Amino acid sequence: MQHGSLMWIMYRKTDQMRHKANRNLLLAYPADMPFAGACLSEAYKQLHIRCVCVPYSGRPPEEHFYSALLTEDINAVLVTGKKSYAPSTVLPGPFLFTKKGRKIPAAWLPLQKENDVLTFVRTLKTVHQRNHATPGMALLAQWHPRYLKLSDRMSELLEEQIKVFRWTGDIITRENVVGALGTGLGMGIYFGHGRPVGWVGYYGMRSHHFKDFSGKPMGCVLSLCCRTASRRRTGVSYTESLPLMGVSAAAFGAVRETKHTDNMKWAIRICTALNNGIDNLGDLLLQAQPPNMEAVQHYRIIGDPFAPLYSDAGSIQKASAVAVFN
Amino acid sequence: MQEYDIIQQLRLELGIVKPQVTNDIRDTDSFRDDWGLDSLELVEFVARIEQTFRIMIPDKDLQELHSLSATAVYLQGKMIAA
């Protein structure tokens, strides 16, 4: 093994240990759903993440509610609540600020039934117990030159550090993508057009296509496109449905229209952050966010803000065996 | 930061985006017309500039960044304003 690679792995390991040591999550949950609060805080405790539990009454609290609670030792926020509340109204964006103005990731998780909580907890435990040393990523895109080119470029930028699987709309069918996403990779990124009900790519990918999903969950799925976290003319948005169905521990999607240039900037900066050894979703988004506010504010994190980006043991082998048309 | 230093940094970033752009590129060469940079490459270049110089470049200003010297002048203006 080359000296540089060894140093990089050592850096990753020490960095991960530092991050793992003292992570604190502010968990806000409805006072009339004590099961959700108890179940989630216990699950995070088992993952060595301390939860500061805050029950609330009525609708999810406004932004100013958190500013008083977010001390400097808090690393992320997870707001859970009834499915009737939309991601766009629960949080102002993917980040909140601590008392001293430090930006931290903030996520939303809609819940209705006990089963929603149990599915999420199961996914959470699965992805957090993975071996740190195997990062793997799925590049997903609509069949269009603009998005295929961006996928190719990301692949080039990441190939030295991360095993990348290009499963774009030109070389794989929708049914095979669903199966491929169950190989247990750490992360998936989609480029293309998006709708509240799903991705336009793959001749329309919808949450019901994951109805019989029996694969291993991903750490997170990022939809760098328009409106996949919007509730317009749909019940639960596509982005929200992924963690609820156990497809991934976290998902990232937009509640409004987004600009292609902003999404390209996200993509390039995500590559830089991944090449720097970032290993979880919250840190990735903090490091990769473009400097213009509208590129960031339109997005929301759904699910686990600490979702790890490393893959399941054996997933690289399984992902390599996925059939694509070349 | 002097214009010369900015241009040297820009050459480095441009080399990452498109390795075919060698040191032969003149300060006034058009990225698009003389070196064939496409929209993805230009946006990647801008994203790298934003990260390196810790500034924000709005989309409406993208047309101003058509050559190394024009980009350096733009960045100097930004840095003075900051």
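Which residues does A:Val221 touch, not counting residues up to four places away in sequence? They are A:Gly188, A:Leu242, A:Val247, A:Ser248 and A:Ala251, where contact requires C-beta atoms, placed from the backbone, to lie within 7 Å.

## Basis of the model

This is a predicted model, in which local features need pLDDT of at least 70 and side-chain atom pairs count only at pLDDT 80 or more, while totals for chains, interfaces and linings use all residues. Residues are numbered from 1 along each chain as its sequence is written, and chains are lettered from A and ligands numbered from 1 in the order in which they are written.

A:Val221 lies in strand S12 of chain A, which spans residues 218-224. Helices (H or I, at least four residues) and strands (E, at least two) are DSSP runs, numbered from the N terminus. A:Val221 is buried, because 30 other C-beta atoms lie within 10 Å. A residue is called buried if 20 or more other C-beta atoms lie within 10 Å of its own, exposed if 12 or fewer, and partly exposed in between, with C-beta atoms placed from the backbone. A:Gly277 is 56 residues from A:Val221 along the chain, and 18 Å separate the C-alpha atoms of the two.

## Domains of chain A

Chain A is assigned domain 1 (12-127) and domain 2 (133-320), with bounds that come from an automatic or database domain assignment. The centres of the two domains, taken over C-alpha atoms, are 21 Å apart. Their contact takes 29 residues from domain 1 of chain A and 32 residues from domain 2 of chain A.

On the side of domain 1 that touches domain 2, at least two residues each come from helix H1 (3-21), strand S3 (76-82), helix H4 (87-90), strand S5 (103-111) and helix H5 (114-128) of chain A. H5(A) gives the most to this side, with 8 residues. By class, this side of domain 1 has 16 nonpolar, 6 polar and 7 charged residues. Ala, Val, Leu, Ile, Met, Phe, Trp, Tyr, Cys and Pro count as nonpolar, Asp, Glu, Lys and Arg as charged, and the others, Gly among them, as polar.

## A sheet in chain A

Strands of chain A form an open sheet of 3 strands in the order S9-S10-S11, with antiparallel pairing. Strands S9 (194-195) and S11 (205-206) of chain A stand at the edges with a single partner strand each, so one side of each has no neighbour in the sheet. Two strands are taken to pair if DSSP finds at least two bridges between them.

Strand S10 (residues 198-199) of chain A is joined to S11(A) by 2 bridges, and these strands run antiparallel. A:Trp199 has A:Met205 in S11(A) as its bridge partner.

Chain B has 3 helices and 0 strands, and its elements run α-α-α from the N terminus on. Its C-alpha atoms fill a box of roughly 35 × 25 × 20 Å along the principal axes. The radius of gyration of chain B is 12 Å, which agrees with the value near 12 Å for a compact globule of 82 residues; this radius is taken over C-alpha atoms, and the globule rule is 2.2 Å times the number of residues to the power 0.38. Buried residues make up 28% of the 82 residues in chain B. Of the contacts in chain B with a separation of 6 or more, 59% are between residues 24 or more positions apart.

Between the chains, 12 residues of chain A are in contact with 9 residues of chain B. Helix H6 (145-158) and helix H9 (260-275) of chain A each supply at least two residues of the chain A side, and H9(A) gives the most, with 6 residues. The chain A side divides into 4 nonpolar, 3 polar and 5 charged residues.

Note on methods
Two residues are in contact if their C-beta atoms, placed from the backbone, lie within 7 Å.
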